[in-house]
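Work through these exercises with the model open beside you. Try each task before you read its solution.

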Amino acid sequence: MWVTLLAVKLSYTDRTYNNVYLSMLVSTKHLILIIIAFFHLLPTQATEMYWPDATYDPAIPRHVDILGYAAGEKITRHADMMKYFEALQQSAPDHIKLVNYSQTWEGRKLIYAVIGSKENISKLDRFEQNIQELADPRTTNKTTANELIRKMPASVWLGYGVHGNEISSTDAAMMTAYHLLATKNQSMTQEILDNTIIFIDPLQNPDGRERFTSRYYATVGMNHSGDRYSAEQTEPWPQGRSNHYLFDMNRDWLAMTQPETQGRIFDMKRYLPLVVIDLHEMGGDMSYYFAPAAQPLNPLMTANQINNMTLIGKNNAKHFDAMGYDYFTREIFDAFYPGYGDSWPTFYGASASTYEVGSARGEVFIKNNGEPYTYADSVQKHFIASVSTIEATATNREKLLNDFYQYQVSAIAAGSKNEAFIIPHQKDRAGAYKLAQLLDAHGIEVQQLTQDLKVCGESYKKGSFVIDPAQPKGRMAEVMLQQNVNMDAKFIEIQEQRRARNLYDQIYDLTAWSLPLLFNLKVQRCGSIKASALQAFDSSGWMLPKITNPNPKVAYLIPWGDMAAGRFLTRGLRQALNIKSADLPFTIANKRYPAGTLIIPVIQNNEDLSKKVMEIAKQTGAIVDGVDSSWVTNGPSFGSANVVNMYAPKIAMAWDEPTSSLSAGNSRFVIERQLDYPVTAIRTKHLSLADLSKYDVLILPSGNYQRHIPANGIENISKWIEQGGVLITFGSATDFALQESPGWLAVQKELALADEKDVFSVMTPNEDIDKSTTEGQLITSEQEFKQAIQAKQSPPDSVAGVLARVAVDQDHWLTAGVKAEVIGMVTGSRILTPIKLDQGKNVAWFKGPDELLASGYLWEENRKQLAYKPFLIHQPKGKGMVIAYTQEPTLRAFMDGLQVMLTNTLFRSVAHSKKLR
């Protein structure tokens, strides 16, 4: 019998035989001899790197046994990661439990694995009960706490891959789980399993990782390229970092907008792990980072938490030294903003940190020094750091548990010295209710008044929300609700010194995040509320609607001013209701209604109107008043020119290069998931070709459009605006709109103010002198020297992120129902000139220099120059208009206080367009 073997490629584990091609005609006997000889060359065990000198139980499957490749040899996809963890659970069911905690927008499962001794896993429910008891000293005294600490295991939560293109951590998670389950010869591992429950969240962002891996392997050729400019190494828009809606989920822990974050926090609240590590990647030329963190630290963190992370960092250093791995600490990654995955847990009492490894961003990367750096290298380092962290947690079990309990004790004690937060009844009912729900979702205890009450010189209505900081999560309440959290004074001094030397500041993220300011809500403090006047807030449902006269003869009125009314509008338009809106306030039946109020005429709608209105009211919690007469005693009548028809607009958004993926994703999410209205994404390069007449609104998210929208694209958009289109620009897209081409916006971008004392700011060149020379000058002091070296014609210094007060024109239709003052987030260096009255209207502008800063740290020069500069600009053009935001109104989807303004921008603008319909 003859067998033909043609071009057979053979590979095994991490040893790949790329060029073993057999092309021969052999007998069966010869074939058997060849196969025996070949397999004799194969290793008996994969040469994968795990823990030094560890031996492993062959009954526990390795990467290669389930997936066909060694750990670190390939980038594991989500489905294969799931397959591997399921195999681990099947092989060691007494020591590992898989928990499905959520699902991504694209339908992928999110899981974590719980690993421990047989006894600890079997008593996981008991552990949950014990840690909840330990977390509340109000019901667990010191004696009981000591008994719990004596017998309880410690716990550690390792979160991997929150950024989808930071790829190594997921395979490291798989290695870590395997090591814990399969190690046979190390007492350390047994001590870990006995003393610690390990939670491994192996892939926090499956959608982003799938985007990265599919793109990466689609671009690989015959050999993997380590060239940083190769196709493999340069990700196309929007890259794999973010999730489906292009959110940076490491900044979503404050607002909790994404299902991945919501599910994770829900389960972390159950088990309150003592140590939380979030594993990331950084530039491939860098080594490895672990705690202690860089300055500034959040001042509400405790010394014990900081010391514990230093203790764990030292254990990591010991193992990295033994392995010969370089690392650094303290230099880059701070712990100030509470919305990171490694900072949020600190405010329930955990000791937490981020770890960062240099990224191969593929299977191989060539460093600047010429060294090849492999995916396996990065996986191995994360694995070593993971096991080291678990070891330190187990070794310090009793200390960590005791520190956790003492954190709760001190939180209650500190909170008892502070006044309670009160969210009173106010115009923005939906915002107040959503804030209370968000705080509850974080695990903060929220209560409501059971009666009207007058305390601290103010009257509060029944149902007002109260947050007493004398609770275990008191520090979390403080860090989220305080108007301002101050950075360390010494750190600020250093930043000012760096700025004076024209160096970048070291502020890593936003310096302001106060939830009451982000929601633009009135929140007060009072220390005299009796417990008898309070009851726990039931957050299980949404706010109830307020309906009067559900079967009116003439119309339904929905007062404008919060997002209950906003979502009523969007849902009503999607159901084809005939809706009008008043540009001005009016009075009817002795009740005053604000500008923007929705009017739904009974006769002009279908017979099932009442049913639809009641359903939408229940879904949104809106106020709905039925009226039996249209007689208005003050303000515009229903038939006035100051009452406009609301249309269901077709909204398009620029997508793909050169938009900021975060701006595009945040904006689309806010409109689709918070305003509840669909958006069509159009790739920017197609704006030159697209038939824009199909759309009423075009949004340009932040982006550098100058070289990406050619002349024919500008012409296409310009004609569309002239014919009635509404162009809306956010952030840096506004910079493009004001350029000479396209010329859509009649404002200018400002340079930094010159120092009034700068004697060198203006110099007249001598035409007769060589341009390589200049006029002579005398520098007579160090101060003059510093002035002489300052750059001229430079933009204002960039701002990391502050919350600023914005004044709002109360007479413009674009601000109907919007408060006289709102809060905007200011980032970057953008400051624009106000638009002239003959060109348009400054609809909202930053307040004066003494009132402007609401929260955060703002450079003094920026504070002065930003005052009275526009935040929102309206410029008519032909039958259409341009509406420009100078900052991002949808940043991180947590600017809830701007949503009525944004809703007006999207929907009332179309009502005021002169587009032929």
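**Exercise 1. Which residue in S8 does Ala154 stand opposite?**

Solution. Ala154 faces Thr196 in S8. Now place the strands (DSSP runs of E, at least two residues, numbered from the N terminus, as helices are: runs of H or I, at least four residues). Strand S7 covers residues 154-160 and strand S8 covers residues 196-201; they pair in the parallel sense over six bridges. Two strands pair if DSSP finds at least two bridges between them. Next, step back to the sheet. Seven strands form an open sheet in the order S5-S6-S8-S7-S9-S13-S10, with mixed pairing. Its edge strands are S5 (96-103) and S10 (288-289), and each pairs on one side only.

Before going on, note the ground rules. This is a predicted model, where local features need pLDDT of at least 70 and side-chain atom pairs count only at pLDDT 80 or more, while totals for chains, interfaces and linings use all residues. Residues are numbered from 1 along each chain as its sequence is written, and side-chain values use heavy atoms, leaving out hydrogens and water.

**Exercise 2. Find the disulfide and describe its two ends.**

Solution. Look for a pair of cysteine sulfur atoms within 2.5 Å. The structure holds one disulfide. Cys456 is joined to Cys526, S to S 1.9 Å. Cys456 lies in the loop between strand S18 (453-455) and strand S19 (458-460), and Cys526 in strand S21 (residues 524-526), so the bond ties together parts that are 70 residues apart in sequence. The torsion about the S-S bond of Cys456 and Cys526 is about 80°, so the disulfide is right-handed. Now check accessibility: buried means under 20% relative accessible area, exposed over 50%, partly exposed in between (1.4 Å probe, protein chains only). Cys456 has 40%, so Cys456 is partly exposed. Cys526 has 1%, so Cys526 is buried.
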